[in-house]
Amino acid sequence: MKELLRSNDPTIIAFAKALLDGEDIRWFEMDVNMSVLEGSIGVLPRRLMVRSADLFMAEAVLRDNDIDLGR
């Protein structure tokens, strides 16, 4: 698995997951439950992971929809 996106904004993560679902690209969200440790203040970013083979296509899908990948 490769990191596709890292964000503190849950709306960006949700939008990215919907876009990936629409393209049949499987994803895995990491650090979802870290809010318990941080007190739900949004300091720790969530990471969206995809298979290595899907990374190029997933990046293209997100860039086409103006999601900044931070790279």
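The largest nonpolar core holds 15 residues, and Leu4, Leu5, Leu20, Val50 and Leu62 touch the most other members. Such a core is a set of buried Ala, Val, Leu, Ile, Met, Phe, Trp, Tyr and Cys residues joined through side-chain atoms within 4.5 Å. Strand 1 (2-7), helix 1 (10-22), strand 3 (46-50) and helix 3 (55-64) each give two or more residues to this core. The model is predicted: local features need pLDDT of at least 70, side-chain atom pairs count only at pLDDT 80 or more, and totals for chains, interfaces and linings use all residues. Residues are numbered from 1 along each chain as its sequence is written, and side-chain values use heavy atoms, with hydrogens and water left out.

**Fold and surface**

- The protein has three helices and three strands. Helices (H or I, at least four residues) and strands (E, at least two) are DSSP runs, numbered from the N terminus.
- From the N terminus on, the order of elements is β-α-β-α-β-α.
- Of the 71 residues, 31% count as buried. Buried means under 20% relative accessible area, exposed over 50%, and partly exposed in between (1.4 Å probe, protein chains only).
- Among contacts between residues at least 6 apart in sequence, 66% join residues at least 24 apart. Contact means heavy atoms within 4.5 Å.

- Leaving out residues up to four places away in sequence, Val50 touches Met1, Lys2, Leu4, Leu20, Ile25, Arg26, Trp27, Leu55 and Ala58.

- Glu29 sits in strand 2 (residues 27-30). Glu29 counts as buried because its relative accessibility is 12%.
- Its side chain makes a polar contact with the side chain of Lys17 at 2.7 Å. Another polar contact, of 3.2 Å, joins the side chains of Glu29 and Arg46.
- A polar contact is a pair of N or O atoms within 3.5 Å; within protein, one must be able to donate a hydrogen and the other to accept it, and residues adjacent in sequence count only if both atoms are side-chain atoms.
- Beyond four places in sequence, Glu29 touches Ile13, Lys17, Arg46, Arg47 and Leu48.

**Positive phi**

- Most residues other than glycine have a negative phi.
- Asp31 has a positive phi of about 70°. Asp31 lies in the loop between strand 2 and helix 2 (35-38), and is partly exposed at 26% relative accessibility.
- Asp66 also has a positive phi, near 60°. Asp66 lies in the segment after helix 3, and is exposed at 73% relative accessible area.
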